[in-house]
Amino acid sequence: MKLRELGWRVLLVWECALKGKNKVPLPQLTNDITIWLHHGSSFAELPEVVE
C-alpha cells in the first residue's frame with residue numbers, strides 16, 4: 001500500500017462496519033478507532049478481518 005510506504009498510518013473502515021445488519025455499534029466503533037489512534041499499528045481494518 002503506497003501510503004504505508006510513505007510512512008502514513010492507515011485505518012481501513014469497511015462499509016459493513018458502518019451500516020447493514022452486521023454493523024458495529026457506534027460506541028464500539030468509536031472506541032476501536034480511539035484505541036487505534038492512540039496505540040495502533042501502522043495498519044488496521046475495521047471490522048477486523050480474520051483469515
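Guide: Please begin with the surface, bearing in mind that the model is predicted. A nonpolar surface patch is formed by Met1, Leu3, Leu6 and Trp8, which together have about 470 Å² of accessible area.

Visitor: Which salt bridges does the structure contain?

Guide: A salt bridge requires a nitrogen of Lys or Arg within 4 Å of a carboxyl oxygen of Asp or Glu. The whole structure contains two. In one, the closest N and O atoms of lysine 2 and glutamate 5 are 3.9 Å apart. Both of these residues are in helix H1, separated by three residues, or about one turn of the helix, and both are exposed. In the other, glutamate 15 meets lysine 19 at 2.9 Å, N to O.

Visitor: In which sense do strands S1 and S2 pair, parallel or antiparallel?

Guide: In a regular strand, side chains alternate between the two faces of the sheet. Here S1 (residues 10-13) and S2 (residues 43-46) pair in the parallel sense, over four bridges. Leucine 11 stands opposite alanine 44 of S2.

Visitor: What unit do S1, helix H2 and S2 make?

Guide: They make a β-α-β unit that is left-handed, with H2 spanning residues 26-39. Proline 25 is in the loop between S1 and H2. Its relative accessible area is 49%, so proline 25 is partly exposed.

Definitions and conventions: Residues numbered from 1 in each chain as written. Predicted model: local features only at pLDDT ≥ 70, side-chain atom pairs only at ≥ 80, totals over all residues. Heavy atoms only, no water. Patch = residues over 30% accessible without salt bridge, like charges linked within 9 Å, V, L, I, M, F, W, Y side chains within 5 Å. Areas by Shrake-Rupley, 256 points an atom, 1.4 Å probe, with all protein chains shown as cover. Salt bridge = Lys/Arg side-chain N within 4 Å of Asp/Glu carboxyl O. Pairing = 2+ DSSP bridges. Helix = DSSP H or I, 4+ residues; strand = E, 2+ residues; numbered from the N terminus. Right-handed = clockwise from strand over helix to strand, strands pointing away. Buried < 20%, exposed > 50% of the residue type's maximum accessible area, 1.4 Å probe, protein only.
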